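Welcome! Work through these exercises with the model open beside you, and try each task before you read its solution.

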Amino acid sequence: MTTSIEAFRSETRDWLRTNCPPGAIGPGEIHSGSTKMSFQADTVAWLEIMADRGWTVPMWPKAYGGADLSLDQAKVLYEEMAAIGARLPLINMGTRMLGPTLLEYGTEAQKLRHLPVIARGGAAWCQGYSEPGAGSDLAGLSTKAVLQGDQFVIHGQKIWTSGAQNADWMFCLVRTDSDAPKHQGISFVLLPMDQPGVTIKPIKLLSGSSPFCETFLDGAIAEKSDLVGKLNEGWAVGKRLLQHERSGQGGLGPGPVRSRPVGVTVDLELSEVLARYVADPQTKSSQREAVLRWNMRNRAFQLTQARMGQEVRDGKTPGAATSMFKLYGASLAQDKQSLTAELMGCAGIGWEGEGFSEEEIGATRSWLASRAVTIYGGTNEVQANIIAKRVLGLPD
Amino acid sequence: MQTLYTDDQNQFRSVVSRFLEAHATTSQARELQETASGFDQAVWHQMSGELGLVGTHLPEAYGGFGFGMIELGIVLEEMGRRLYCGPFFSSAVLSGLAVAELADEANKIELLPKIASGEERVALVLDDLNQVEGIGHQLMISDQGLLSGTAPMVIDGLSAQRLLVIAGSATGLGLYQVDKGAQGLSITPRVSVDQTRKLAEVVFVDTATQFVGRVSPEALNRFWDLASVALSHEMIGGAERLLEDTIAYTKLRVQFGRPIGSVQAIKHRCADLLLTLEFAKAATQHVSFSLAAGEEEKHHPSMVKAMVSDCYRDIAIAAIQLRGGIGFTWENDTHLWFRRAKCSEVLLGTAGYHRERMIQSLGGQDAA
């Protein structure tokens, strides 16, 4: 076993060194699979050559575009990629969220239809979950799907759809039985974004950027063959997908290094900007301590992540504990932005134009944008409810 | 370096746990805290003799079992869970580590087997339990080789059969030993809020000593690190037990016709406490895993003591709060852990002290 894994390592190392294009090394662009965006030549080349080996989704079965690697082999692959600084060839909601869910709940035909396309980076997916009236209470969603022949006809509105403008497909929770108790009348369907019944409108956020959209569904069509799981039993499918989402946000799972939450440093060494403030004699000792406290929490977060990640690699699936990482990781990311903004003093209030450096404005925008992290993907309050119920066993 | 406990280590934990379950109950703790020595001889003999726990972490060459910080941490966590009362921390941990890290070879050969077997209970006399920088300023060896000075707080100073002392001298710090019957030595009990861990003031006036080893600043800091990590394990055990009991209580206690644990304000507080505990625990385990693997640990020991001090205190505060009125009675056991949490928080340095120590080692500057 040891010899075969070491052989795999040296083979992998050689192959990566020969085949990874220079444009795929170091920080930079990662392919999203979207057919509506253009990517640099090396980004595309890297995706294609990795997809040929099944290494965009290395642990998926070969029949679905993966490489059938074991956990240990996948770990070796990611370690060797990290060793040369190679970026992931592909990241999107297909590889990280829908794919694992389809592997578990999809029919053979659905797996064969969708997974190889995801694996090749041939489609970007978005998530049709939240609605104006169904945020934290997601199961209260009211977008309605009616089966007509071989198709579902869908009417309703989704909101906070990340990346909808560049997505090719949406996985979507819809109500298929309005009389059943709310968790029992929901179905999980897949639908193409390019159709007359789908309209997208970006939402401008307080930071000025628009990463989220409203998605209006007016007679949008999903094929009956794209119903995942049984009719009216989509809540279980949708919830499982959320665990994959949170484990991604929390950096769990046999994933590569990139899944660290925003701005998290590698060790107790301070991040560059924070280190500068700590070294600055103008910085007050109370502020210096605040930086240190943040770093300690961050380090403990990484260590807990590593421990649970090890447990996942030992065969446990990420469960309700993913909520712990979502909650803590979001607070950490947010607190870092607040701390940085505070340390910047008056330089940290610039919105645009003259008088502020690009770095300062960037930091301020990030601080504003960070208000969202404790809300999207399930608010911290909802995560705390999940932890209380599923981990601590507290009653309803 | 290992990242999870091995099966053997888990099994070791259950052996320790079963023993303490039977021999370290809270009713025993309540009885023992009323006594002067604060411990049960019979339990100590069983623990050191039959189980051999006292020498867990001490080198095999000197009569120990040769395990490292991981196994020591396991023993201490289980002790912390049950508020074990006895000289394990003072003799096995503080004195054992001091001799193993600071004594010269001949003294290791003489002292460690006695400590490891539990045959002698040895207290370590430090003139400062708040900060490592304060050690060796009050207790001084004269040019004639006699020891004078006061250590205001010594753990198990009264019940110990022998004293080890770190003292300053014209030529630097050293580790010394003093017989309990030595001239010029006086020991007076000091009553702290936590009577499950006994303290005493120890005063020396021109007392004769025997030299045990030279103490470099690096070695002293390493000793302080190891002792802080060991104490942190004990604290994690206590914090974990308190949180489990508190959550169990919120599931049983009914108000307004429903268990209080179903109220969102309480759920969120419990979830927050769980996060605090899990992250502090991961940090504590990490540092022991890496110490056991022989890796140099520069910042983590202080990080761990700081996090765990805050964590144990916060959980102890919540444990009383979430029990409502019963939580602040003498009858209810919660305050026993609350008191232990407070004393452990300050012993070997508060959270604030350890954060400052990290800032120094990370190259931050003084605010001066």
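**Exercise 1.** How much space lies in the largest cavity? Find out which residues line this cavity and where it lies.

*Solution.* Before starting, note that this is a predicted model, in which local features need pLDDT of at least 70 and side-chain atom pairs count only at pLDDT 80 or more, while totals for chains, interfaces and linings use all residues. Residues are numbered from 1 along each chain as its sequence is written, chains are lettered from A and ligands numbered from 1 in the order in which they are written, and side-chain values use heavy atoms, leaving out hydrogens and water.

Step 1: the term. On a 1 Å grid over the protein atoms alone, a cavity is a set of points where a 1.4 Å probe fits but cannot get out, and lining residues have an atom within 4 Å of a point. Grid points are joined across faces, edges and corners, and the volume is the space filled by probe spheres set on the points.

Step 2: the volume. The largest cavity holds about 110 Å³ of space.

Step 3: the lining. There are 15 lining residues, and B:Y84, B:G86, B:R197, B:E234 and B:R340 lie nearest the centre. By class, the lining has six nonpolar, four polar and five charged residues. (Ala, Val, Leu, Ile, Met, Phe, Trp, Tyr, Cys and Pro count as nonpolar, Asp, Glu, Lys and Arg as charged, and the others, Gly among them, as polar.) With three residues, α4(B) gives the most to this lining. Helices here are DSSP runs of H or I with at least four residues, numbered from the N terminus.

Step 4: the place. Domain 1 (7-117) and domain 2 (122-215) of chain B both give residues to the lining, so the largest cavity lies between them. The domain bounds come from an automatic or database assignment.

**Exercise 2.** Describe how domain 1 and domain 2 of chain B meet.

*Solution.* Step 1: taken over C-alpha atoms, the centres of these two domains of chain B are 22 Å apart.

Step 2: 25 residues of domain 1 are in contact with 22 residues of domain 2 in chain B, where contact means heavy atoms within 4.5 Å.

**Exercise 3.** Which residues line the second largest cavity?

*Solution.* Step 1: this cavity has about 70 Å³ of space.

Step 2: its lining includes B:H23, B:D40, B:W44 and B:Y84. α2(B) gives the most, with three residues.

Step 3: eight of the lining residues are nonpolar, three are polar and one is charged.

**Exercise 4.** Which residues touch the most other members of the largest nonpolar core?

*Solution.* Step 1: a nonpolar core is a set of buried Ala, Val, Leu, Ile, Met, Phe, Trp, Tyr and Cys residues joined through side-chain atoms within 4.5 Å. Buried means under 20% relative accessible area (1.4 Å probe, protein chains only).

Step 2: the largest core has 123 residues, and B:F88 and B:F223 touch the most other members. Helix α7 (217-252) of chain B gives the most to this core, with 15 residues.

Step 3: leaving out residues up to four places away in sequence, B:F88 touches several residues, including B:W44, B:M47 and B:V93.

**Exercise 5.** Is B:S232 buried or exposed?

*Solution.* Step 1: B:S232 is found in helix α7 of chain B.

Step 2: B:S232 has a relative accessible area of 0%, so it is buried.

Step 3: apart from neighbours within four places in sequence, B:S232 is in contact with B:T284, B:V304, B:K305 and B:V308.

Notes
Buried < 20%, exposed > 50% of the residue type's maximum accessible area, 1.4 Å probe, protein only. Helix = DSSP H or I, 4+ residues; strand = E, 2+ residues; numbered from the N terminus. 1 Å grid on protein atoms, 1.4 Å probe; cavity = no way out; pocket = protein on both sides within 12 Å on 5 of 7 lines; lining within 4 Å.
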